[in-house]
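Subject: Structure handover

Hello,

Please find the structure below, with the sequence alongside. My notes on what turned up follow it.

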Amino acid sequence: MIRNATHADIPRLLILGEQMHAESRYRGLPYSAEKMAGLFASLIDGADGCLLVAEKAGQVVGVFAGWCAPHYFTDARVASDFGLFVEPAHRGGALAALLLRRFVTWAGDRGAVLIDAGITTGVHLEATTRMYCGLGFVPVGTVFEFKGG
């Protein structure tokens with residue numbers, strides 16, 4: 001089941017956020033549960049935020065966080081993701097695709113003329129790319145990382 005997140009979900013989402021952080025390329029950076037709780041609350045409360053959860057047997061096992069707002073150089077509304085995560089034990093099914101489809105619908109309902117979603121965690125790049133492309137997304141760029149001093 002995919003549904004909108006509520007404030008009651010935030011403690012569980014913090015656990016999922018920490019799991020996502022731990023397996024991602026960002027694991028070398030400190031994880032701030034306080035900062036994540038603030039982001040989750042703002043997405044739940046704000047008109048431009050989208051926070052969706054995937055449930056199995058009453059347990060939240062996946063999350064999608066995103067936003068929709070006017071782009072910085074135009075009044076046209078665009079949507080993008082903060083992140084998509086499904087617990088490893090629940091991957092390989094349809095949950096990630098269902099979360100992403102719900103986001104696309106949500107963004108369209110808010111007038112988004114462009115919807116972006118990316119893979120910046122470095123986790124399962126090929127499989128995730130296939131899922132995005134299968135849902136109608138097309139690759140349009142590359143992210144580069146520079147670790148400088």
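**Aromatic pairs**

Phenylalanine 103 has a relative accessible area of 0% and is therefore buried. Please keep in mind that this is a predicted model. Phenylalanine 64 also counts as buried, because its relative accessibility is 0%, and the cut-off for that class is under 20%.

How many aromatic pairs does a search of the whole structure find? There are four. In one of them, the ring centres of phenylalanine 64 and phenylalanine 103 lie 4.4 Å apart with the planes at 35°, so this pair is tilted. The pair joins distant parts of the chain, since phenylalanine 64 sits in strand E3 (residues 59-70) and phenylalanine 103 in helix H3 (residues 95-109), 39 residues apart. Another pair is formed by tyrosine 72 and phenylalanine 73, which is edge-to-face, with 5.4 Å from centre to centre and 85° between the planes. Both tyrosine 72 and phenylalanine 73 are exposed.

Ring pairs also tie Phe64, Phe103 and Trp106 together as a cluster.

**Positive phi**

Most residues other than glycine have a negative phi. Two exceptions are worth a look in your viewer.

- Alanine 57 is not a glycine, yet has a positive phi of about 50°. This alanine lies in the loop between strand E2 (49-56) and E3. Alanine 57 has a relative accessible area of 90%, so it is exposed.
- Histidine 124 is likewise not a glycine and has a positive phi of about 50°. The position of histidine 124 is in the loop between strand E5 (114-115) and helix H4 (125-134). Histidine 124 counts as partly exposed, because its relative accessibility is 47%.

**Cysteines**

How many disulfides does the structure hold? The number is zero. Take cysteine 68: the closest cysteine sulfur to its own belongs to cysteine 50 and is 9.5 Å away, which is too far for a bond. The cut-off for a disulfide is a pair of cysteine sulfur atoms within 2.5 Å. With a relative accessible area of 0%, cysteine 68 is buried. Cysteine 133 has a relative accessible area of 37% and is therefore partly exposed.

Regards

Definitions and conventions. Residues are numbered from 1 along each chain as its sequence is written. This is a predicted model: local features need pLDDT of at least 70, side-chain atom pairs count only at pLDDT 80 or more; totals for chains, interfaces and linings use all residues. Side-chain values use heavy atoms; hydrogens and water are left out. Rings of Phe, Tyr and Trp (its six-membered ring) pair if their centres lie within 6.5 Å; planes under 30 degrees apart count as stacked, over 60 as edge-to-face and the rest as tilted. Helices (H or I, at least four residues) and strands (E, at least two) are DSSP runs, numbered from the N terminus. Buried means under 20% relative accessible area, exposed over 50%, partly exposed in between (1.4 Å probe, protein chains only).
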